[in-house]
2 protein chains.
Amino acid sequence: MAETITKRADDYAQWYQDVIRAAKLAETSPVRGSMVLPPNGYELWENMQGALDRMFKATGHRNAYFPLFIPKSFLAREAEHVEGFAKECAVVTHYRLKEEDGDLIVDPDAELDEPLVVRPTSETIIWDTYSRWIQSWRDLPVLINQWANVVRWEMRTRLFLRTAEFLWQEGHTAHATEQEAVDETRQMLDVYATFAEEWMAMPVVRGVKTAAERFPGAVDTYCIEALMQDGKALQAGTSHFLGQNFARAFDCTFQNQDNEAEYVWATSWGVSTRLIGALIMTHGDDAGVIMPPKLAPVQVAIVPITRKNGDNEAVLDAAREMRDALLADGVRVVLDDRDQYRPGWKFAQYEVEGVPVRLAVGPRDVENGTAELARRDTGDKSPVPQRGIAGAVRTALHEVQQALYDRAAAFRREHTHVVDSYERFQEVMEAGGFALMHWDGTPETEARVKDEAKATIRCVPFPGQFPGVDTDEPGTDPVSGAPSAGRVVYARAY
Amino acid sequence: MAETITKRADDYAQWYQDVIRAAKLAETSPVRGSMVLPPNGYELWENMQGALDRMFKATGHRNAYFPLFIPKSFLAREAEHVEGFAKECAVVTHYRLKEEDGDLIVDPDAELDEPLVVRPTSETIIWDTYSRWIQSWRDLPVLINQWANVVRWEMRTRLFLRTAEFLWQEGHTAHATEQEAVDETRQMLDVYATFAEEWMAMPVVRGVKTAAERFPGAVDTYCIEALMQDGKALQAGTSHFLGQNFARAFDCTFQNQDNEAEYVWATSWGVSTRLIGALIMTHGDDAGVIMPPKLAPVQVAIVPITRKNGDNEAVLDAAREMRDALLADGVRVVLDDRDQYRPGWKFAQYEVEGVPVRLAVGPRDVENGTAELARRDTGDKSPVPQRGIAGAVRTALHEVQQALYDRAAAFRREHTHVVDSYERFQEVMEAGGFALMHWDGTPETEARVKDEAKATIRCVPFPGQFPGVDTDEPGTDPVSGAPSAGRVVYARAY
């Protein structure tokens, strides 16, 4: 690889850009803030989609699709929602271009009666639809998910983390009772946490957002928060209990079993291509990305050690046999037998792209009936028998998946601090990491810390997530000196 | 079902709308021309996606994603392309709304420097990207597919067939030689034809479009054409050989193996949610939709014949056992044990939705160890043993799939006419169907027929598709009296 990757210790933000480019995961486009996702990046997203989609279906959800465009008047109906999204949305005002004096111009005669907003999220168009779908308790619950693109006109963009257009899923459910909606909100947060930990090998904290960090229009926003290698937090998924806010805004009522009209209870929940940014910053190293095996587009790359103009047939045969054995076992494998690149170049490329396991096979391996298995995470190399290669590879993939999780969990443990003074807090924020600190529950203290330490409350954590720390034990907020009901998770964040 | 479905013979267009509504496949939305796809419709699309995606991957393609927005100036670069799409595109001109006097308005201070077009198709943004990806013959071919939403501002819309926003896939490939690109174009047409015939159970004619019907910017457009029950043709998929037009427009060259710079050769190909309309109008009957088993979201519905306040446990147990046996065999099955609906209501609902096989099990069936298997296409009912139910169901699904294809093929045969006079041609067009008629190859004759008979040349067919008819035999165009190189397929069309 000719491409240079900046070292993480030198400039973490530049490293992030460099590995994305070198691993061909995404690139900027001529459309400000919009990404191109080349196959390496998109296939990772496909694998994430596949795993999440199975989990959504296993919890009773069905997929559907709603319009890309939202009438301007819909956004206006929920006061907090419009406040949150109106200031950063793409607006379609015309439906035709025309040629004039050799130029292509927006046709002034083709202005829409009502401007359309490109969906930043779909609560409004979906609740308008639900108001027609739902009449009776028999129509409930409605458990729907949508895979879609959305647009939020961000001024400062960053590949995966903050882009004008991004890909995501958004669940939108409707329920007869408050309890059922709250249960759904919590269930989907658990689905996200399971996905983050078991598939992405990324430990997360589960909790609830403060009012200041809530989704516009939500009663409660639950979230999972991960810690990146530079000590910054990243919100990796959110699940919102929306109460009856959207049902009121779109007049969505149902007849309950006593024949009374009631507003419907709502939830929404989503994760996006942002998760790819989280994955990169959880596992990557100075040599490139490291893909967790369960999501890796390519789990195993086989590189035959061939010689130019030599007799390579025995080596290629052995490589093909291993490839076929792995394919038959359901492993995502490529055999890279391209002539125009040397083995060393291929090794470097798969390292940058983060392929978790590499197999190399040369003439001596053929004699011995072995191959060299290299782990991307540790760099460890060991000879393995060609016979029964699938078993050895399965074991290695399993070990890499577990090792990535363990390493990330250890990193988070080392960078999570119980903090009881504001001075110590500011040191921790400078150094990077989570601070478990008491909070008096007021927006004033929250705003002061944000202003002075550039840190936000990532969440009020659910109990029992930090061994040896009872985050629900009352105490004193060291910032204000006021009493506190418990510790919250503070960090600087993406 | 309380919903009435108009009979096909009375009003085919109204029947089409009625079955879509009753089967919950799609509905109009408050956004003019944009559909909502409820789960029944979207899951059908998911199954189509799954089958096509596997075929694309098996032919070496990888998925990627490109921006939704296209700078206005990009559209302008390819003359025919802009001509084809500029007059019906959604244009984003602003990036913010704001409140003014209690109203939400488009913020005049947030106008974009360059308007953005919501993609009507992605050739331009993709070839701009390829011009950076492709330097050398080593970078070729590029074989990429995108699953996406696109927008074309249609004035007269119709669910699935013609909507402002629709879902589709678009393949975009780049090649070193003309021959390779032509081969790719033909290969993907074959993929579409295989999908239409083997998955949708819908026979299609393969051929090439005339210049008048070509994709804007293409050198050649290949297509598959299907015949609907009302005798109208429907273009079901297109594959375009783009020559070097887009490579020239976006200055995309490569170094060939002799170190000379050459423009890259291109193809693009797509199918859309329009296929769902084709499926409905190929197989539906007066009672509703009929789903081809290979694509049906629900292949089998099990309805237990229970009695209110009766002891239904034995019946429900038998139903559950069959459900589990079918699930274990990979059949998409639902057991409808809802109390609030009677069995007769459920029968009617699954009939409307087109579930290909229904199983009913009541107390007498339990005694006999049988269930009643009903085929949606023929209405035939027969008792089948509960033991080994998966085998009986597999056979029935296979038979329905084949019967649907055979019925559609017979319909097409009966409605395909070899025509040698313009008078007879006009009769055939009035009655509906394909006319195989000589054409002199001129746009003048084509335009005259379009004007006088409201019929278009659907394609110049590939040889050997109509038993007993050599469409490549020269003759005389009965419209102009001029010599003809062969017969083309004329029809009125959707």
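## An open sheet in chain B

In chain B, five strands make up an open sheet with mixed pairing, in the order β18-β17-β19-β20-β21. Its edge strands, each pairing on one side only, are β18 (333–335) and β21 (381–385) of chain B. From one strand to the next, the twist averages 25°. Strands here are DSSP runs of E with at least two residues, helices are runs of H or I with at least four residues, and both are numbered from the N terminus. Two strands count as paired if DSSP finds at least two bridges between them.

This is a predicted model, in which local features need pLDDT of at least 70 and side-chain atom pairs count only at pLDDT 80 or more, while totals for chains, interfaces and linings use all residues. Residues are numbered from 1 along each chain as its sequence is written, chains are lettered from A and ligands numbered from 1 in the order in which they are written, and side-chain values use heavy atoms, with hydrogens and water left out.

## Strand partners and packed helices

Helix α12 (residues 389–414) of chain B lies across β17, β19, β20 and β21 of chain B, and runs at about 10° to β20(B). Contact means heavy atoms within 4.5 Å. Axes are lines fitted to C-alpha atoms, for helices over the stretch in contact, and angles run from 0 to 180 degrees between N-to-C directions.

A:C89 is in no disulfide, and its nearest cysteine sulfur, that of B:C89, is 19 Å away. A:C89 counts as buried because its relative accessibility is 0%; buried means under 20% relative accessible area, exposed over 50% and partly exposed in between, with a 1.4 Å probe and protein chains only. A:C252 is also buried, at 0% relative accessibility.

## A buried loop residue

B:Q244 sits in the loop between β13 (233–243) and α7 (245–249) of chain B. With 14% relative accessibility, B:Q244 counts as buried. Leaving aside neighbours within four places in sequence, B:Q244 is in contact with B:Y263, B:V264 and B:W265.

How values were computed:
Disulfide = S-S within 2.5 Å.
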